[in-house]
Amino acid sequence: MSALEILKQHNIKKTPGRIAIIKSLKESKRPLCESEIKAGMEENYDRITFYRNIQTLSQAGVIHKIVIDNTTILYALNHCEEHHQHETLHPHFYCEVCHKVVCLEDVKKPDFPLPSGYTYSSSEIVIKGKCKMCNK
Ligand SMILES: [Zn+2]
Ligand SMILES: [Zn+2]
Ligand SMILES: [Zn+2]
C-alpha cells in the first residue's frame with residue numbers, strides 16, 4: 001500500500017507532510033524518531049505541522065507512538081496492509097547500548113489481571129536490554 005492509499009483508507013486528507021512521514025516509516029524497518037523522519041523531509045519540515053500530523057495519523061490509527069522516556073519518542077506504522085490492526089498488541093524493545101527501538105511483532109503482550117472495579121483500555125510495554133546486534 002502506498003502512502004496515498006494509506007491516507008485514503010483512513011479518510012485523511014493528503015498533505016506533503018503526512019505523505020513524507022508515512023514514506024519514511026514505510027522505508028525504515030524499525031521505528032523512527034522525529035529527527036530521523038525530519039531528515040527525509042528536507043524543506044517540508046516544520047515542527048508545529050509535524051506534531052499536528054503525528055497526532056492526526058495516530059488518532060486515525062495509521063501509526064503508533066512509542067514512548068521510552070521524556071526525550072526518546074518514536075513512531076512506527078500500524079498493520080493496515082492485511083487488516084486494520086490499530087491497537088498496539090506488541091511490546092517494544094529498547095537497546096541500552098545502541099539506543100535503537102524495535103517492534104517485537106511476534107511477542108504478544110500478556111493479559112494483566114486487574115483488581116475489580118478497574119477496566120482495561122490500553123497498555124504500553126517497553127523492554128530494555130541489549131539487542132541482537134549489540135550482543136554479537
Ligand atoms: Zn488501518
Ligand atoms: Zn543495540
Ligand atoms: Zn511497535
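Residues are numbered from 1 along each chain as its sequence is written, and chains are lettered from A and ligands numbered from 1 in the order in which they are written. In this predicted model, local features need pLDDT of at least 70 and side-chain atom pairs count only at pLDDT 80 or more, while totals for chains, interfaces and linings use all residues.

**Exercise 1. The whole chain**

Solution. Helices (H or I, at least four residues) and strands (E, at least two) are DSSP runs, numbered from the N terminus. Next, the order along the sequence is α-α-β-α-α-β-β-β-β-β.

**Exercise 2. Helix H2**

Work out the span of H2 and list its buried residues.

Solution. H2 covers residues 16-27, twelve in number. From first C-alpha to last, H2 reaches 16 Å, close to the expected 16 Å. The expected span is 1.5 Å times one less than the number of residues. Now the burial: Gly17, Arg18, Ala20, Ile21, Ile22 and Leu25 are buried. Buried needs 20 or more other C-beta atoms within 10 Å of a residue's own, exposed 12 or fewer, and partly exposed lies in between, with C-beta atoms placed from the backbone. The cover over these residues includes helix H1 (3-9) and strand E2 (63-69).

**Exercise 3. H2 against H4**

Describe how the axes of H2 and H4 cross, and name the contact residues.

Solution. The two axes come within 10 Å and cross at roughly 65°. That makes H2 roughly perpendicular to H4 (65 to 115 degrees). On the H2 side, the contact uses Gly17, Arg18 and Ile21. On the H4 side are Thr49, Phe50, Asn53 and Leu57. Contact means C-beta atoms, placed from the backbone, within 7 Å.

**Exercise 4. Lysine 109**

Is lysine 109 buried or exposed, or in between, and what does it touch?

Solution. Locate it first: lysine 109 sits in the loop between strand E5 (101-103) and strand E6 (126-129). Lysine 109 has 15 other C-beta atoms within 10 Å, so it is partly exposed. Leaving out residues up to four places away in sequence, lysine 109 touches Leu89, His90, Pro91, Ser123 and Ile125.

Technical notes
Two residues are in contact if their C-beta atoms, placed from the backbone, lie within 7 Å. Axes are lines fitted to C-alpha atoms, for helices over the stretch in contact, and angles run from 0 to 180 degrees between N-to-C directions. Angles under 35 degrees count as roughly parallel, over 145 as roughly antiparallel, 65 to 115 as roughly perpendicular and the rest as oblique.
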